[in-house]
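Please look over the sequence and the structure shown here before reading the report.

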Amino acid sequence: MLIKRLATDRPDQIQLARRKWLGQCLKAGAGTVVLTLAGPQIAFGAGIVAVRVWPAEEYTRVTIESDEPLAAVHQMVHGPDRLVVDIDGLDLSPTLRELVAKITSNDPYIQTVRVGQNRPRVVRLVFDLKEDVSPQVFTLAPIGSYRNRLVFDLYPVNPPDPLWKLVRDTEDKQRRFAAAPAPAGADGVSGAPATGEEDAIGALVRKFEDKGPNPVPALPPMAATRPRPPAPSATPPLAQNNPPPALPANNPPSDRPFKMRRLLTVAIDPGHGGEDPGATGAAGSREKDVVLQIAQRLRAKIDAQPNMRAMMTRDADFFVPLNVRVQKARRVQADLFVSIHADAFLSPEAKGASVFALSERGASSSAARWMANKENASDLIGGANMGNKDAQVARVLLDLSTTAQINDSLQVGKAVLAEIGGVNRLHKGSVEQAGFAVLKAPDIPSILVETAFISNPEEERKLNDESHQDQLANAILRGIRNYFARNPPLSKNPSV
Ligand SMILES: [Zn+2]
């Protein structure tokens, strides 16, 4: 039995009531988890402000927002699988009842929820489940426009492995390219297949078909630092219809046309999601939506390249903690991490795109520092379970940022910024640096693209415009290609 006690200083009367209540709960059985809250006191008669459900393949989240902190005990019950939650100090209210109608049939994990007054001041929720889950239950202190939140994250017992999914996608891609090479895109990027690519994909797929998915993703070892190539005098051409033979694994970096022996993996990270809407425009556009749309366009363009593939840190409207975004990129040994955002500022006049890299020693400007603080608050707003041990370990690991990673990030940032400058005005003509948590993969060049200011009405309109989204995605792709043409990554085992 696990008891989590986070608060101690509350009035005697409430302590007594809580002890009695906890005593009842503890009799409930060995699988019960008791969660009490940080905060001055447990309220009796807390008001429910809102209930929200975020169903997603990765996990389904249920949030109960209240004007006072809530305490809950939960227990998994099997045969059939269900999650039983008792919330203390609460009377059933119409807002809480809304939860029933908010469970949708496409929810991967929740079939239905039942809500009832179990006993005086205790509301019981019973989630009837589609499969066994590992629940994480935690509370979040008020932040931004949110009041107190009680959060239930329902994870599958065997979480999907991003590497396994990427392998399956690569297999599909192999079939597509075997059937018909992709035509040149509107941006002039060729779809000619790379020599040796089929072998690399085949080996990748065969290995994972033999072994099956790895249910416990392990972080890959740190990649070797790439030798620094000399800077080329001119941008190499992007496309070739009759490519030269593939570069041997130990080929010295050069400015020859972009052609890789192995697939390049780009981790695309649409910012925010779920509980964290990001910035909101005057017309109501939410950053989390427009950046997902741009990211999906970029993914399609990358996947249409014969020698590249994309992995999305999220492909739906749910929240992914910042360190999990980085872990996913490391799990697939991404060659590059691109986080996509849309700025906001107090003044609607602020405008233009910017590109950021990590900084080891302070921010390059106070605006960059402000931006990093704002983006790093995503975990607080989106709601990361800070008590999770895995998350703590990951955060320590992510502080191992390296100078080589930052140098590479600045190079790729420069290449991307140059291309975005062709389709959008720039907020600043150089890559800025600050301590963005999401850019802290120690071994992956990582950039954060602020595509425009969603707080600027004209740019908000453009961010919603399909052709502008497409132009932005093309520009980012061209920048990535230009970078790799100048900085071919080291060959690595194609099976990872
Ligand atoms: Zn953002």
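## The chain as a whole

This is a predicted model, and its chain has a secondary structure that comes to 12 helices and 16 strands. Of the 496 residues, 52% count as buried. Among contacts between residues at least 6 apart in sequence, 77% join residues at least 24 apart.

## The six-stranded sheet

Six strands form an open sheet with mixed pairing, in the order β12-β11-β13-β16-β14-β15. The edges of this sheet are β12 (308–312) and β15 (432–434), each of which pairs on one side only, and the twist from one strand to the next averages 30°. Helix α6 (residues 322–331) packs on the sheet, where it touches β11 (264–270), β12 and β13, and the direction of α6 makes about 165° with that of β11.

Within the sheet, strand β14 (residues 354–358) pairs with strand β16 (residues 446–453) in the antiparallel sense over three bridges, and V355 has V449 as its bridge partner in β16. Helix α7 (residues 366–376) lies across β13, β14, β15 and β16, and runs at about 55° to β15.

## The four-stranded sheet

An open sheet of four strands has the order β3-β4-β10-β9, with antiparallel pairing. Its edge strands are β3 (48–54) and β9, each pairing on one side only, and neighbouring strands of this sheet are turned by 10° against each other on average, direction ignored. Helix α2 lies across β3 and β4, running at about 15° to β3.

Strand β10 (residues 148–156) is largely enclosed by the rest of the structure, because eight of its nine residues are buried. With strand β4 (residues 60–66), β10 pairs in the antiparallel sense over seven bridges, and S66 has N148 as its bridge partner in β10. With strand β9 (residues 133–140), β10 pairs in the antiparallel sense over eight bridges; in β10, the partner of L140 is R149, and the partner of V133 is P156.

## Helices α11 and α12

Helix α11 (residues 457–464) and helix α12 (residues 466–486) pack with their axes 5 Å apart and at an angle of about 80°, which makes α11 roughly perpendicular to α12. On the side of α11, the contact is made by K462, L463 and N464, and on the side of α12 by E466, H468, Q469 and L472. The residues of this contact divide into two nonpolar, three polar and two charged.

Leaving aside its neighbours within four places in sequence, N456 is in contact with P348, E349, A350, K351 and R425.

S93 has its place in the loop between β6 (82–88) and α2 (94–102). S93 is buried, with a relative accessible area of 16%, a value that falls under the 20% cut-off for this class. S93 and V115 are 22 residues apart in sequence, and their C-alpha atoms are 9.9 Å apart in space.

How values were computed:
Residues numbered from 1 in each chain as written. Predicted model: local features only at pLDDT ≥ 70, side-chain atom pairs only at ≥ 80, totals over all residues. Heavy atoms only, no water. Axes fitted to C-alpha atoms, helices over the stretch in contact; angles between N-to-C directions. Helix = DSSP H or I, 4+ residues; strand = E, 2+ residues; numbered from the N terminus. Parallel < 35°, antiparallel > 145°, perpendicular 65-115°, else oblique. Contact = heavy atoms within 4.5 Å. Nonpolar A, V, L, I, M, F, W, Y, C, P; charged D, E, K, R; others polar. Buried < 20%, exposed > 50% of the residue type's maximum accessible area, 1.4 Å probe, protein only. Pairing = 2+ DSSP bridges.
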